[in-house]
Every structure is written in structure tokens, then in C-alpha cells.
Amino acid sequence: MLQWTAWDVRKLEVLFLLRKGGSLSWFHHSCRAKRRIMLHMESAVQRLLQNDVLTADAIDKADEESIRSLIYPVGFYTRKASNLKKIATICLAKYDGDIPSSLEELLQLPGIGPKMAHLVMNIAWDNVHGICVDTHVHRICNRLGWVSRPGRKKTSTPEETREALQLWLPKEEWVPINPLLVGFGQTICTPLRPRCDKCGVNELCPSAFKETMLKKKS
């Protein structure tokens with residue numbers, strides 16, 4: 001059972017305000033951005049399907065150059081084609097052509113990091129094992145002070161952020177927190193020149209306007 005402190009309660013207050021203040025528009029923006037990426041992914045999957053290269057056995061038998069051409073222009077398509085071949089071989093040898101059903105085994109697959117492993121556990125196996133932390137979630141959680149105490153060191157990696165976030169965030173929030181913060185990070189709390197003047201939680205954010213003021217001084 002989670003033991004909440006006054007600081008944790010304040011973090012939950014910020015989470016509530018983020019949802020109330022603009023989560024719907026941020027979520028829709030996130031969906032539109034992801035939709036553009038997904039169009040490339042869907043087209044790649046469709047080409048793999050049309051060429052009968054969508055099972056572990058077929059991917060294992062296909063040459064890497066053919067896979068590259070079929071999944072292009074998906075980002076990092078060369079690396080992904082190589083990893084697909086390796087993963088297919090492993091899944092055939094160890095999982096009868098299926099994918100692993102545990103986080104530990106997923107993390108052993110080439111090219112699969114914590115974010116993707118948690119996403120697969122959630123979507124493929126309906127098992128919420130952890131929070132999907134990408135660069136947006138990592139950045140915003142540190143700016144808001146969600147993963148460090150006041151005056152304490154910030155987390156330096158997405159994995160550190162995930163571990164710190166899971167210490168206080170209720171488990172029912174582990175899935176929706178990603179699309180909420182991704183949309184927020186793409187529209188308001190951007191990597192460069194965050195729009196603090198448009199942010200509904202700037203009065204509660206320890207980082208509000210700091211980056212803007214630093215740029216003015218320099």
C-alpha cells in the first residue's frame with residue numbers, strides 16, 4: 001500500500017489540474033502526432049503482410065535487405081530490420097514462434113528497452129507491469145519535481161524516472177500518465193522554450209519560467 005506524504009498529495013493535485021486544464025486537447029494533439037508515425041508503421045505492417053513476412057518463421061527465413069525495403073520509411077528501419085531477424089530467431093527457438101510473456105524475457109530481446117517492454121506487457125499480455133516512460137515523461141516529471149524531493153538531485157534516465165514515479169503514483173494511473181504527459185510535452189512543456197505562460201500548473205511548478213529567464217540573461 002502506498003504511503004503518501006504531503007509532497008505526494010501536492011503532486012496528485014498537479015496531476016488533477018493537468019487533466020482538468022487541458023488534457024483533452026493535449027491528448028488529441030498527442031494522438032495526431034502519433035497517428036502520423038503510425039501511418040508509416042501500418043503501411044510497413046501491411047507490406048509485410050502482403051509479402052507473407054509477418055510471422056516469426058517467415059521473418060527468420062527472409063533476408064535482411066528485403067525486410068529493410070518492406071518497412072522503409074519507418075524510423076531506424078535498418079536497425080529495426082536487423083533486430084526483427086534476431087528476435088524472430090530467438091522467438092522460434094525459445095517461445096515456439098510467440099513472444100515472451102514476462103518483462104525480464106522481453107528485455108533480453110535485441111532492441112527492446114524498458115519502455116517498449118512495458119508497452120508490450122500492457123498491450124500484448126494485458127499486464128500493467130510498469131509505466132512507459134519516454135523523453136517527454138522523463139523531462140516533465142523532473143520539471144514538475146515529481147521524481148525528486150525539493151532540493152534533491154533529479155533523475156538522470158527514463159528508467160530512474162519510472163522507478164521514482166511508481167513509488168507514489170497509484171497503479172491505475174500508470175497507463176494514462178503517458179499519453180497525458182506526451183501531449184502536454186508536445187504542446188506546452190516542450191524541450192526547448194517551454195510555454196510556461198500557457199501552462200495551467202505554472203504556479204505549482206518549481207521549474208516554471210526558469211528556462212525562459214536563463215535565456216534572457218544569456
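These are my notebook entries on a predicted model of a single chain.

**Ground rules.** I number residues from 1 along each chain as its sequence is written, and I keep in mind that side-chain values use heavy atoms, with hydrogens and water left out. Since this is a predicted model, I note that local features need pLDDT of at least 70 and that side-chain atom pairs count only at pLDDT 80 or more, while totals for chains, interfaces and linings use all residues.

**Overall make-up.** I looked up the secondary structure and found ten helices and zero strands in the chain; helices here are DSSP runs of H or I with at least four residues, strands are runs of E with at least two, and both are numbered from the N terminus. I then checked burial, and of the 218 residues in the chain, 41% are buried, where buried means under 20% relative accessible area, exposed means over 50%, and partly exposed lies in between, with a 1.4 Å probe and protein chains only. For contacts, meaning heavy atoms within 4.5 Å, I find that residues 24 or more positions apart account for 58% of those with a separation of 6 or more.

**Helix 1.** Lys11 lies in helix 1 and is buried, with a relative accessible area of 6%. Setting aside neighbours within four places in sequence, I see Lys11 in contact with Gly145, Trp146 and Trp168.

Asp96 sits in the loop between helix 4 (77-95) and helix 5 (103-106), and just after helix 4 it takes a positive phi of about 55 degrees. I record Asp96 as exposed, because its relative accessible area is 75%.

**Helix 7 against helix 9.** I looked at this pair next, with axes taken as lines fitted to C-alpha atoms, for helices over the stretch in contact, and angles running from 0 to 180 degrees between N-to-C directions. The axes of helix 7 and helix 9 (residues 177-187) come within 8 Å and cross at roughly 80 degrees. I therefore call helix 7 roughly perpendicular to helix 9, given that 65 to 115 degrees counts as roughly perpendicular, under 35 as roughly parallel, over 145 as roughly antiparallel and the rest as oblique. Helix 7 makes the contact through His136, Val137, Arg139, Ile140 and Cys141, and helix 9 through Asn178, Leu181, Val182, Phe184, Gly185 and Gln186. By type, I have six nonpolar, four polar and one charged residue in this contact; Ala, Val, Leu, Ile, Met, Phe, Trp, Tyr, Cys and Pro count as nonpolar, Asp, Glu, Lys and Arg as charged, and the others, Gly among them, as polar.

**Helix 8.** In helix 8 (residues 158-166), I find Thr161, Arg162, Ala164, Leu165 and Gln166 buried, and what covers them includes helix 6 (114-125) and helix 7. I followed up Thr161, which counts as buried at 0% relative accessibility. Not counting residues up to four places away in sequence, Thr161 touches Val133, Val137, His138, Cys141, Asn142, Val147 and Thr155.

Grid points are joined across faces, edges and corners, and the volume is the space filled by probe spheres set on the points. I found one cavity of 30 Å³ or more, and the largest cavity holds about 160 Å³ of space. Of the 18 residues that line the largest cavity, the closest to its centre are Cys189, Pro194, Cys196, Cys205 and Ala208. Helix 7 (135-144) and helix 10 (210-217) are the elements that give two or more residues to this lining, and helix 10 provides the largest share, three residues. I count the lining of the largest cavity as eleven nonpolar, three polar and four charged residues.

Definitions and conventions. 1 Å grid on protein atoms, 1.4 Å probe; cavity = no way out; pocket = protein on both sides within 12 Å on 5 of 7 lines; lining within 4 Å.
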